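Work through the exercises below with the sequence and the 3D structure at hand. Each task is followed by a solution in steps.

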Amino acid sequence: MTATRSAATSSSGSVATTTATGEAAATIHLPKTSESEQLLRIRHSMSHVMAMAVQRLFPKAQVTIGPWTENGFYYDFDNPDPFTEADLKAIKKEMVKIINQKLPLERLEVSRAEAETKIKAQNEPYKLEILAGINEPITLYTLGKEWWDLCAGPHVATTGELNAKAFELESVAGAYWRGDENNAQLQRIYGTAWETQEELAEYKRRKEEALRRDHRRIGTDLDLFSIEDEAGAGLVFWHPRGARMRLLIENLWRDLHFAAGYELLYTPHVADISLWKTSGHLDFYSESMFGPMQVDEREYQLKPMNCPFHVLTYASTLRSYRELPIRWAELGTVYRYERPGVMHGLMRVRGFTQDDAHVFCLPDQISDEILAILNLTEQILSTFDFRHYEINLSTRPEKSIGEDAVWDLATQGLIEALDRKGWAYKIDEGGGAFYGPKIDLKIEDAIGRMWQCSTIQLDFNLPERFDLEYVAADGSRQRPIMIHRAIFGSLERFFGIMTENYAGDFPFWLAPEQIRLLPVTDEVREYAAGVAAELQAAGVRASIDHSGDRLGKLIRNGEQMKIPVLGVIGAKEAESGQISLRSRRDGDLGSVAVADLVAAAGRANQDRSAGLPLG
C-alpha cells in the first residue's frame, strides 16, 4: 500500500511517462495553480493579456470575469458574434505581441467613485455589477497604458515574465453571467499557461491521453452503456456487456461487505414528503431534488439520499448498547436534479446508485469502526488497481451543530484511525460538514489525475432530528454515533473513472467478454462450440465469432473490442484437443489444452487476476 507516499507525490501532478520502447521517460512536474505562487501569477496575468488581445481585435466585446483555474485560466466575454477557431488563432497571435512588448502590470488603488467613472467611460456594464459587490479597498490592474480591469491580483511585474511559447488557447464554451440561466449568455475562452515549453508539451500529451481514455467514447465502442435522450437526460441505460460488469462489481462489493460484518438493506425509491422535512433535506437540499408526486392525497418525493431510510430502519425498534456497532449497507439508487450544462457521461447524472453504508456505534467504538472502513476501502479500491490515494481530514466549520465534546471525540477518533492505518493526510481546517467531521479520499488514476471517491462522515444531525436512542449499560437512553460511508461514491461515476483508468482494457476477471473463440473453418465450429460450452459451464464468459471472416479480421475485431484472450481454432487444434491463445496483456501464449485453459480461467476469476495464470 502506497497511500503515504502518494499523498506527498500526487499533489504535484507528476507522473512517470513511458517511451515507445517501454523505457521510463523523465518525470515532468505539472503543479496545480494552487500549489505554485508563480504559476498563479502567470495564469492570472495571461488571462488579462488574453482579454486585452480580444478587445484589441473585437472592440465591441465586453469583459466580465477572468480567473485562473487549476490548469490554466479563462475569461468570459459578451461579444455580438460567436468566436471561431480562426478567432482563437488570431487572439493567440495578438497575445504573443503583447507578451513581447514587455508591458508592466501595475496595481492601483482607487475610490469607488473613480472606478465607477472609469467603467462608465468604457461602457462596461458588467464591471459596474462587479464593482457593486466589491468591498474597499478597490483595486485595479493596468496592462501598459492601454488596458485595465478591476482585480485583486496577484500578477507578474511585466509581460516579459510570461513565456510566449508555453501557453495555448484551448476552447470556447458558453457560460451564463454569474452562472444563472436567466442572465445573458456569454462566451468563455479557456487557456492554459506554463513556465516552460516542456511543461506545455506534457500537459498536451496528458490531455490527448485523457481524450483517448474518455469513458463516453469507450462506453459506445465497447457497447457498455448509453444515455438515451428519448428517456431523459442524465439517466443511464446499462447494455448487456456493461450490466455484466456492473453485476461483477456489485457481487464483489456484497461479498466483501458480508465478510466485514455488514448486513444489507433494500429501501424504497420514494417517501412521503414529511420524511424529507424531518431529515432537513427539504430545507437545505430542495434545489437538487425532483418535484413531489401526488398519490392518494399525499405528497411523495424521489429520494436524493439513502440516509433517512437507514435511520428509520434503526428507529424501528429500541436498540441496546450490546447490539452496537450496527453496520448496514445498501446499493441504493437515488435521484437528483442536475442542471443540463453540468451533466457529463457517467460522471454526473440524475439517477445513480450509491454504495451507501451507515454504522451506528458507541462513542468509544469510533476509532475501531473508522479503521475497519479504511481497511475495507483499501481492499475494494486496490482490487481495481487504485493504490495511490490523497487523504483529507476536514474539521469543524464555524456553522455547525453538536456539542464541543462530541466533535472533539469524533475528530480524535478519525485522527487515531488514520494514524493506526499509517496513512498520510492533510487537514482541512473548518472544511467539515455542519453535522460532523469527515475523511475524503481521492484516487490517482493511470495518468496522474486525482478523483474524489470515498468519503467517511460522522453525523450528529440525523440522530438528533430522528431522536435515535439506545439503552446504555446503566439503563439510560443515549444517542448513537452515526457514520456515513461510501467507497465508490456512486457505481456510475466509479465505473466511468475505472473505464478511463483502464482505457477500456479491463483485467480478465472484470471483462464482459473474457475469451472469444475464432474458428478458422466451418469444419471446426462444432469443436469450438464444445470448447465454449465447457468454458461457460466453468463460469467463464466465452463466445464464438461466427462471422466467417478471415483470421486477420477476426483477430482485429477482437482487439478492437479489447477482448482479453482470443482463442484461434484450426484443424490442428481440433485434432489435438487444444486451442491457440493470444493474450492482450501477454502476447502469444501458444497452444494450450482445453482443460488447462478452463482451470487457468477459473483461477484468474477467483484471484481477480489481470491475465491468465498459465503454467
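A crossing of two helices is called left-handed if the near helix is turned anticlockwise from the far one by less than a right angle, and right-handed if clockwise. Helices (H or I, at least four residues) and strands (E, at least two) are DSSP runs, numbered from the N terminus. The model is predicted: local features need pLDDT of at least 70, side-chain atom pairs count only at pLDDT 80 or more, and totals for chains, interfaces and linings use all residues. Residues are numbered from 1 along each chain as its sequence is written, and side-chain values use heavy atoms, with hydrogens and water left out.

**Exercise 1. Find where the confidence of the model is lowest and highest among the elements.**

Step 1. Start from pLDDT, the predictor's confidence in each residue, from 0 to 100. The protein chain has an average of 91, and 95% of the residues score at least 70.

Step 2. Look at the stretch around α1. Over residues 1-26 pLDDT stays under 50, and the model has 56 contacts (heavy atoms within 4.5 Å) beyond four places in sequence for these residues. Where pLDDT is low, the predicted coordinates should not be read in detail.

**Exercise 2. Describe how helix α8 packs against helix α12.**

Step 1. Take the axes, which are lines fitted to C-alpha atoms, for helices over the stretch in contact; angles run from 0 to 180 degrees between N-to-C directions. For α8 (residues 240-259) and α12 (residues 366-383) the angle is about 155 degrees and the axes are 11 Å apart.

Step 2. Classify the angle. Under 35 degrees counts as roughly parallel, over 145 as roughly antiparallel, 65 to 115 as roughly perpendicular and the rest as oblique. α8 is therefore roughly antiparallel to α12, and their crossing is right-handed.

Step 3. List the residues. Leu252, Trp253, Leu256 and His257 in α8 touch Leu376, Gln379, Ile380 and Thr383 in α12. This contact of α8 with α12 has 5 nonpolar, 3 polar and no charged residues. Ala, Val, Leu, Ile, Met, Phe, Trp, Tyr, Cys and Pro count as nonpolar, Asp, Glu, Lys and Arg as charged, and the others, Gly among them, as polar.

**Exercise 3. Describe how α8 packs against helix α15.**

Step 1. The angle between α8 and α15 (residues 491-502) is about 105 degrees, with the axes 12 Å apart. So α8 is roughly perpendicular to α15.

Step 2. On the α8 side, Gly242, Met245, Arg246, Ile249 and Glu250 meet Leu491, Glu492, Phe495 and Met498 of α15. By class, the contact of α8 with α15 has 5 nonpolar, 1 polar and 3 charged residues.

**Exercise 4. Describe how helix α4 packs against helix α5.**

Step 1. Between α4 (residues 112-122) and α5 (residues 125-132) the angle is about 165 degrees, and the axes lie 8 Å apart. That makes α4 roughly antiparallel to α5. The crossing of α4 and α5 is left-handed.

Step 2. Residues of α4, including Ala115 and Ile119, meet residues of α5, including Leu128 and Leu131. The contact of α4 with α5 has 5 nonpolar, 1 polar and 4 charged residues.

**Exercise 5. Locate the cis peptide bonds that join Gly153 to Pro154 and Leu324 to Pro325.**

Step 1. For Gly153 and Pro154, omega is about 0 degrees. Pro154 lies in the loop between β5 (147-150) and β6 (167-176).

Step 2. For Leu324 and Pro325, omega is about 10 degrees. Pro325 lies in the loop between β14 (319-320) and β15 (326-335).
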